[in-house]
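Here's a quick briefing to keep beside you while you look at the chain.

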Amino acid sequence: AERLKARLALGGMRASIQKVSIENKDYFRVRIGPYSDYGTMTTDDYKLSTMGFKAMRLRVSRAG
């Protein structure tokens, strides 16, 4: 996860690592975003595809 985060940083993207536990096993998600506008998200999506990744876009609602 740390290596992937560093690779994304070299591509100009700020990533974070999220630890999740599923059935008593720990996994690590590498996430970029959130984005304030669609254009920036689309640009990073294109960068990811040129790096060999397929992005999964998630809409996160804010509590409030």
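A word on counting charges: Lys and Arg count as positive, Asp and Glu count as negative, and His and the chain ends are left out. On that basis, this chain carries 13 positive and 6 negative side chains. The centres of those two sets lie 1 Å apart. Keep in mind that what you're looking at is a predicted model.

**Fold and layout**
- You'll find two helices and two strands in the chain.
- Going along the sequence, they come in the order α-β-β-α.
- A box of roughly 35 × 35 × 15 Å, set along the principal axes, holds the C-alpha atoms.

**Burial, contacts and surface**
- The chain has 64 residues, and 9% of them count as buried.
- Take the contacts between residues at least 6 apart in sequence: 32% of these join residues at least 24 apart.
- About 5800 Å² of the chain is accessible surface, and carbon and sulfur atoms account for 51% of that.

**The largest pocket**
- Its volume is about 1000 Å³ for the largest pocket in the model.
- Which residues lie nearest the centre of the largest pocket? They are Ile32, Tyr35, Met56, Arg57 and Leu58, out of 27 residues in the lining.
- At least two lining residues come from each of α1 (2–10), β2 (25–32) and α2 (38–50).
- α2 gives the largest share of that lining, with five residues.

Conventions: Residues numbered from 1 in each chain as written. Predicted model: local features only at pLDDT ≥ 70, side-chain atom pairs only at ≥ 80, totals over all residues. Heavy atoms only, no water. Helix = DSSP H or I, 4+ residues; strand = E, 2+ residues; numbered from the N terminus. Buried < 20%, exposed > 50% of the residue type's maximum accessible area, 1.4 Å probe, protein only. Contact = heavy atoms within 4.5 Å. Areas by Shrake-Rupley, 256 points an atom, 1.4 Å probe, with all protein chains shown as cover. Charge placed at Lys NZ, Arg CZ, Asp CG, Glu CD. 1 Å grid on protein atoms, 1.4 Å probe; cavity = no way out; pocket = protein on both sides within 12 Å on 5 of 7 lines; lining within 4 Å. Points joined across faces, edges and corners; volume = space filled by probe spheres on them.
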